[in-house]
Number of protein chains: 2
Amino acid sequence: MNLDSASALEARLRQIGAERYHNNHPFHALMRDGKLDKGQIQAWALNRYLYQSRIPIKDSAIMARLIDPDLRRIWSQRVIDHDGTREGQGGISRWLHLCERLGLDPAMVRAEHGILPATRFAVEAYVHFVRERPLLEAIASSLTEMFAPTIIGERTAGLLAQYDFIDEDALIYFDARLTQAPRDADFALDYVKTHADTIEKRQAVCDALLFKTDVLWAQLDALHFAYVDPKLPPSGAFVPSVSTPDT
Amino acid sequence: MNLDSASALEARLRQIGAERYHNNHPFHALMRDGKLDKGQIQAWALNRYLYQSRIPIKDSAIMARLIDPDLRRIWSQRVIDHDGTREGQGGISRWLHLCERLGLDPAMVRAEHGILPATRFAVEAYVHFVRERPLLEAIASSLTEMFAPTIIGERTAGLLAQYDFIDEDALIYFDARLTQAPRDADFALDYVKTHADTIEKRQAVCDALLFKTDVLWAQLDALHFAYVDPKLPPSGAFVPSVSTPDT
């Protein structure tokens, strides 16, 4: 596929999403289809918390590289979405609410106890990426949000239909994301289509999105390995205390 | 276990090694016992190349933080061991020799084609750790070398005995490591026993070693997941072209 125009770039980005976004991962299919037990879903929520908690850190790192106050102001909305404007608000609080409704102790989640090292390495790689790579690539790495509504839709429908320990209140995190993610993705997509004005830069944008799909994919690989098959959690990792689908 | 003395620290470090070093990982047991096929051993050598290639980078990063020329001179031996003093020498060349003897194209290995993202994330986490954490912890993270002779002995004996496509010449990398690793480990162990002069610092030293055992363990987790069980390599990862034990 060529990259000789902005629209060719967008087409290639959408192709990467279709092929590599983590809605294609077997762990997601298991979750969607009701094949996980409560302990496995707890492990997912716990590990995903680490990712959630680092999103406003990576967005702050991007803001720290933006010279233009207008851009910084727009980007700051992402941080506000996750942190809220006062305690108890924002995406991180809503993720902790999900963890609590799943039976995890929010204090233990916040303390990051039992997170898989592979989760930590993948999430840290993302934070370092946005700090160290050219700004265009740092912004491009956020483009997985283009594909978020699909996975959120599948995930929330599956979680509600398949697991009687999950109700709509537990999933309020995802409500706001259904409007936030497309707004953010539209902005970032416009940005990279405007600023990637050579084939080399468009290729770098694609590579940044591929890197980010790897970051998301590796997190599900680690969960699958530790908690589904062959179920070999490393020392120190979260050990579910429940193992049946409906307790 | 208390940490109120240097000898208590050493005992705790040895305990961490006994419990958490990657000689305890199922992938190592499979390799040692002849249960892997050539493609799986290729995948191991390829991914391990990335780790090898970053060792002199992390050691250079430590040197860049050492004020004392005496310390820097001692530490520089590690870089020389891996890079050699001219082309074709040193540990990285010897690792590429192993890859070549296993049937991999050294140019593709050097280009880092097909490396698992989880390998990359773990190795990068190690490099970032030595750059960003207190120097004492950066040095302590090298202490896995205390346990290297055991795994090297098991690995080389197993590789030679169990796989007819591997001979002593393929394994020359490990010969030098059997003297280099204990020398380096002795120095680093003396350093942390001398400089960790509070319980808090001794705890930080232990935590740095735990971090490093996680870095090594996560690499074998990723190999196991992608190439042994459930055999789900992510897109873009190395695909073995051989699959029988003796081709």
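Author: The crossing of helix 3 of chain A with helix 4 of chain A is left-handed, a term that applies if the near helix is turned anticlockwise from the far one by less than a right angle, with right-handed used if it is turned clockwise. Helices here are DSSP runs of H or I with at least four residues, numbered from the N terminus. This is a predicted model, in which local features need pLDDT of at least 70 and side-chain atom pairs count only at pLDDT 80 or more, while totals for chains, interfaces and linings use all residues. Residues are numbered from 1 along each chain as its sequence is written, and chains are lettered from A and ligands numbered from 1 in the order in which they are written.

Helix 3 (residues 38-63) and helix 4 (residues 69-83) of chain A have axes 9 Å apart, at an angle of about 165 degrees; axes are lines fitted to C-alpha atoms over the stretch in contact, and angles run from 0 to 180 degrees between N-to-C directions. The two helices of chain A, helix 3 and helix 4, are therefore roughly antiparallel, the term for angles over 145 degrees, just as those under 35 count as roughly parallel. On the side of helix 3 of chain A, the residues that meet helix 4 include Ile55(A), Pro56(A) and Met63(A), and their partners include Trp75(A), Val79(A) and His82(A). Contact requires C-beta atoms, placed from the backbone, within 7 Å. This contact of helix 3 with helix 4 of chain A comprises six nonpolar, three polar and four charged residues, where Ala, Val, Leu, Ile, Met, Phe, Trp, Tyr, Cys and Pro are nonpolar, Asp, Glu, Lys and Arg charged, and the others, Gly among them, polar.

In chain B, the axes of helix 1 (residues 6-20) and helix 11 come within 10 Å and cross at roughly 15 degrees. That makes helix 1 of chain B roughly parallel to helix 11 of chain B, and their crossing is right-handed.

Between the chains, the contact takes 20 residues from chain A and 20 residues from chain B. Helix 7 of chain A gives the most to the side of chain A that touches chain B, with seven residues.

Note on methods: Angles under 35 degrees count as roughly parallel, over 145 as roughly antiparallel, 65 to 115 as roughly perpendicular and the rest as oblique. Two residues are in contact if their C-beta atoms, placed from the backbone, lie within 7 Å.
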